[in-house]
Amino acid sequence: MTTVENVVLAVLALAAITTVWRIVRRSTLGDRAVAFDLLTAIITCALLVSAARIDDGLPLDLAVMLGLLGFLTAVTVARFIESREGEEQ
Amino acid sequence: MSDVVRTVLDVISIVAFVVGALLALVASVAMHRFTSTRSRMHATTKPATLGVSLCALGAVLQLSDASDITKVAVVVVLQLVTAPLAAHMFGRSVGGK
């Protein structure tokens with residue numbers, strides 16, 4: 001079981017690296033925000049898998065916190081993009 | 001719990017983990033393959049939500065403490081409630097791009 005969970009964590013790490021590459025590469029602010037939203041979901045997946053791996057509740061607390069923070073960040077950035085475009089017009 | 005039931009639960013949990021991780025990988029590849037911000041949002045938000053739900057299913061079958069299972073439920077509900085809201089805000093802010 002632990003071997004399977006290690007492989008799953010490796011796949012999730014690959015997905016996270018691909019997403020980070022998208023954020024780092026030259027792209028718009030909206031693209032980066034969408035990629036960041038995906039990154040929080042991938043990290044939440046990894047935290048759930050590692051909670052099952054060690055049979056402990058600690059990663060789950062982090063997952064709840066990450067979910068709230070990711071949502072607040074997404075809303076804040078979206079509102080920022082909207083207000084900035086409103087000023088330009 | 002008998003060994004047979006445990007094995008069946010393990011197999012279901014493994015399948016859920018693997019499918020969830022592959023969905024996350026597909027979503028991250030779609031970030032690069034799609035051309036506009038809105039099509040990228042379409043390609044990333046849905047697999048991410050389903051991936052988190054499947055990983056949560058796999059984790060629930062492995063965890064032994066009832067309070068841990070409740071926390072997993074909180075994580076899933078949080079993801080299901082906030083993901084459409086965030087996607088809506090993004091969709092409104094990026095306009096037709």
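Predicted model: local features only at pLDDT ≥ 70, side-chain atom pairs only at ≥ 80, totals over all residues.

Visitor: Which residues make the contact between α2(A) and α2(B)?

Guide: From α2(A), the residues include A:G30, A:V34, A:L38, A:A41, A:C45 and A:L48. From α2(B), they include B:T37, B:M41, B:T44, B:A48, B:V52, B:C55 and B:A59. Sorted by class, this contact of α2(A) with α2(B) has 14 nonpolar, seven polar and two charged residues.

Visitor: And what makes α2(A) and α3(B) roughly antiparallel?

Guide: Here the angle is about 170°, and the axes of α2(A) and helix α3 of chain B, residues 66–94, are 11 Å apart. Angles over 145 degrees count as roughly antiparallel, and therefore α2(A) and α3(B) are described that way. On the α2(A) side the contact is made by A:G30, A:A33, A:V34, A:D37, A:T44, A:L48 and A:A51. Their partners on α3(B) include B:V72, B:V75, B:A86, B:F90 and B:V94. By class, the contact of α2(A) with α3(B) has nine nonpolar, four polar and two charged residues.

Visitor: Staying inside chain A, how do you know that α1(A) is roughly antiparallel to α2(A)?

Guide: α1(A) and α2(A) pack at about 165°, with their axes 9 Å apart. Since over 145 degrees counts as roughly antiparallel, that angle makes α1(A) roughly antiparallel to α2(A). Their contact has 17 nonpolar, three polar and four charged residues.

Visitor: Is the crossing of α1(A) and α2(A) left-handed or right-handed?

Guide: α1(A) passes α2(A) in a left-handed crossing.

Visitor: What does each part of chain A give to the side that touches chain B?

Guide: In total, 41 residues of chain A are in contact with 44 residues of chain B. On the chain A side, α1 (2–24), α2 (29–54) and α3 (58–88) each supply at least two residues, and α2(A) gives the most, with 15 residues. That side of chain A divides into 27 nonpolar, seven polar and seven charged residues.

Visitor: Why is chain A described as more spread out than a compact globule?

Guide: Let's begin with its make-up. Chain A has three helices and zero strands, in the pattern α-α-α along the sequence. For 89 residues the globule rule gives 12 Å, while the radius of gyration of chain A is 16 Å, well over that value, so chain A is more spread out than a compact globule. The C-alpha trace of chain A spans about 55 × 25 × 10 Å along its principal axes.

Visitor: And what makes chain B more spread out than a compact globule?

Guide: Chain B also comes to three helices and zero strands, and its pattern reads α-α-α. Its radius of gyration is 17 Å, well over the 13 Å that the globule rule gives for 97 residues, so chain B too is more spread out than a compact globule. The C-alpha atoms of chain B fill a box of roughly 55 × 25 × 10 Å along the principal axes.

Visitor: What confidence does the predictor give the complex?

Guide: The complex gets an ipTM of 0.90 and a pTM of 0.91. Chain A averages a pLDDT of 89, with 98% of the residues scoring at least 70. For chain B the mean pLDDT is 89, and 97% of its residues reach 70 or more.

Conventions:
Residues numbered from 1 in each chain as written. Chains lettered and ligands numbered in written order. Contact = placed C-beta atoms within 7 Å. Helix = DSSP H or I, 4+ residues; strand = E, 2+ residues; numbered from the N terminus. Nonpolar A, V, L, I, M, F, W, Y, C, P; charged D, E, K, R; others polar. pLDDT = per-residue confidence, 0-100. Axes fitted to C-alpha atoms, helices over the stretch in contact; angles between N-to-C directions. Parallel < 35°, antiparallel > 145°, perpendicular 65-115°, else oblique. Left-handed = near helix turned anticlockwise from the far one by under 90°. Rg over C-alpha atoms; globule rule 2.2 N^0.38 Å.
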